[in-house]
Amino acid sequence: MTQTIDIKQEIKRLNKQFLHSSDFIAKEIQLGREENVILCYYSSLVNKTDVEQNLVNLKKLSESSSQNNQNSKQNSNQSVINEPEKNSENNQDSSTQNQQLANEETITITTEKYDEQKLVDYVCNGETLIILLQSKQMIRLQNAEFAHKSPEEPENEQVLRGSHEGLVENLDVNIQLIRKRIKNNKLVVKTIQLGNETRTTVYYFYVENVVDSEALKIVENRLNAIDIDMLYSTGQLEEYLDDQVWSPFPQLLLTERPDRVVANILEGKIAVMSDLSNNAIIGPVTFFSFYQTPDDFNSRVIVGTFYRLTRLFGFVSAIFLPAFYIAIVSFHFEVLPLELANKVKSDINQIPYRPLIEAMIMEITIELIREASVRLPKSIGQTIGIVGGLVIGDAIVSAGLVSNLMVIVVAFTAISSFVVPSIELNTTIRTLRFPFMFLASLFGFFGIVIGTFLLVIHLLNLSSLKRPYFSPIIPFDPVAMRKVFFRGPYYGANRQARSFKSKRNDRE
């Protein structure tokens, strides 16, 4: 009776500890034949059917162990001096039976000393706890069942050839996707908990014999230095790992593809993930890492090289094309052929605004249509984007607000920005085109040169985990430079591919 009263008081205290949450379960159950214990868990984090099945198995283990103890006592009372071998055989059989019962279930059962703070942490992590008040111990049943999507291909990084699996919001599944591709004990996975309130689990991958040891030390130091109350997004984690937060250029690569993660960590990089998002943060990277896709390495050599160069050309045209149009129309008509110059001038004379205002109208319209197509449901988002662009473009030209050539320039610029495989760099390009438009409207080609000079200086001073961001241009490496622009054949590769120097020399 005393034990039951103590259990009821403990249940009341636990409910108070968990603020009487509706999904917190704390109840009295009978574990063995004589002992009553407390079962507590979050019903939203575990499967009730699994909990009941695990309790049945745990009771079998408890009953079998108690029966074995009784048999051993009886045998010890009736034993003689020459019977220890028989008792050892019985103990060996009982231990084998317990091990088989534990291995039949996909669950980890551990016992440790009862601690209130640890109990709160374990329950919040989705574990089921059994409290033994008599022995002041608790049994942990690690059977959390967190909801997550299946490893389907990411919508933002689709490829024509190659793997069609994607990372998910689950630690064990992501580790499985990586280890399936790297069957090597050199692949290291380490975890750390961040956020005093959220207790978010962050884990990072690297391959021991090829990793950049200095970059790894920087990542570990920056992760250990994070001291915040709430960590609930990958963007927060990325800012803590960035070298320069105020730069418009992303210094770490975000991807949802496990094959891309594997390709990068085999080059000596580090991949950081969390159980909050299906994005992996990869570093250190260079500017040209954002223009490489798995399709480059799954297609023909010449084809992969051609499309890689096409993407780099898209970067140039997406930033400079509107600025060139404004500079030519405002200051440098002489660079156009005479027939084209007369045609453009006749169209512009009918526009009541300066070229900068004309370009701003079209660019902002394109950005509004693009943002609306992203926020709308998929069933109508693409329709709104296509129909809205055609209708608004035709109406603006008919109203005499912009010229036909400006519509062509803005449309080509928008298409050029879409070829960037990275969403982060895509948004950077869309933002940078506006300063170049203002400089071109003020100083013409000279303004574009000034903007390009400042942009290159910024890229040269930028770094990713203390590694040069504009490598292999600065510092110049002709061999790596060739690999950036041209995709070589596999049979000719006799070295371990790396973006930066690691602690192991290249294999010859």
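The legends below describe close-up views of a predicted model.

**Figure 1. Overview of the chain.** The chain holds 17 helices and 12 strands. Of its 508 residues, 43% are buried. Among contacts with a separation of 6 or more, 65% join residues 24 or more positions apart. The accessible surface is about 28,100 Å², and carbon and sulfur atoms account for 56% of that area.

**Figure 2. The largest nonpolar core and its surroundings.** This core has 62 residues, and Phe205, Phe249, Val261, Ile265, Phe287 and Tyr291 have the most contacts inside it. Helix α10 (residues 301-330) contributes the most, with 10 residues. Another core, of 23 residues, lies apart from this one and includes Val202, Leu223, Ile226 and Ile281. Beyond four places in sequence, Val261 touches Leu167, Ile178, Thr255, Ala271, Met273, Ala280 and Ile282.

**Figure 3. Arg260 in helix α8.** Arg260 is placed in helix α8, which spans residues 258-265. Its relative accessible area is 8%, so Arg260 is buried. When neighbours within four places in sequence are set aside, the contacts of Arg260 are Glu157, Leu253, Thr255, Ile282, Ser289, Phe290 and Gln292.

**Figure 4. Aromatic residues.** The structure contains 19 aromatic pairs. In one of them, Phe320 and Phe436 are arranged edge-to-face, with 4.9 Å from centre to centre and 75° between the planes. Phe320 belongs to helix α10 and Phe436 to helix α15 (residues 423-443), so this pair ties together parts 116 residues apart in sequence. Phe320 and Phe436 are both buried. One aromatic cluster is formed by Phe249, Phe287, Phe288, Phe290, Tyr291, Phe315, Tyr469, Phe470 and Phe485.

**Figure 5. Salt bridge between Arg467 and Glu214.** A search of the whole structure finds 18 salt bridges. In the bridge between Arg467 and Glu214, the closest N and O atoms are 3.0 Å apart. Arg467 is in strand β12 (residues 467-468) and Glu214 in helix α6, and the pair links parts of the chain 253 residues apart.

Figure 6. Glu363, Glu367, Arg430 and Arg433 are linked in a network of salt bridges. Arg433 bridges to Glu363, with the closest N and O atoms 2.8 Å apart. This pair links helix α15, which holds Arg433, to helix α12 (residues 355-375), which holds Glu363, across 70 residues. Arg433 is buried, with a relative accessible area of 0%, and Glu363 is buried as well, at 1% relative accessibility. The side chains of Glu367 and Arg430 also meet in a salt bridge, at 2.9 Å from N to O. Glu367 lies in helix α12 and Arg430 in helix α15, so the pair ties together parts 63 residues apart in sequence. Glu367 counts as buried at 16% relative accessibility, and Arg430 counts as buried at 16%.

**Figure 7. Surroundings of Arg430.** Leaving out neighbours within four places in sequence, Arg430 is in contact with Glu367, Arg370 and Ser417. The C-alpha atoms of Arg430 and Ala318 are separated by 7.6 Å, although the two residues are 112 apart along the chain.

**Figure 8. Nonpolar surface patch.** Met230, Tyr232 and Leu276 form this patch, and together they have about 330 Å² of accessible area. Tyr232 sits in the loop between α6 (213-224) and α7 (234-241). With a relative accessible area of 56%, Tyr232 is exposed.

Technical notes. Residues numbered from 1 in each chain as written. Predicted model: local features only at pLDDT ≥ 70, side-chain atom pairs only at ≥ 80, totals over all residues. Heavy atoms only, no water. Helix = DSSP H or I, 4+ residues; strand = E, 2+ residues; numbered from the N terminus. Buried < 20%, exposed > 50% of the residue type's maximum accessible area, 1.4 Å probe, protein only. Contact = heavy atoms within 4.5 Å. Core = buried A, V, L, I, M, F, W, Y, C linked by side-chain atoms within 4.5 Å. Areas by Shrake-Rupley, 256 points an atom, 1.4 Å probe, with all protein chains shown as cover. Patch = residues over 30% accessible without salt bridge, like charges linked within 9 Å, V, L, I, M, F, W, Y side chains within 5 Å. Salt bridge = Lys/Arg side-chain N within 4 Å of Asp/Glu carboxyl O. Phe/Tyr/Trp six-rings, centres within 6.5 Å; stacked < 30°, edge-to-face > 60°.
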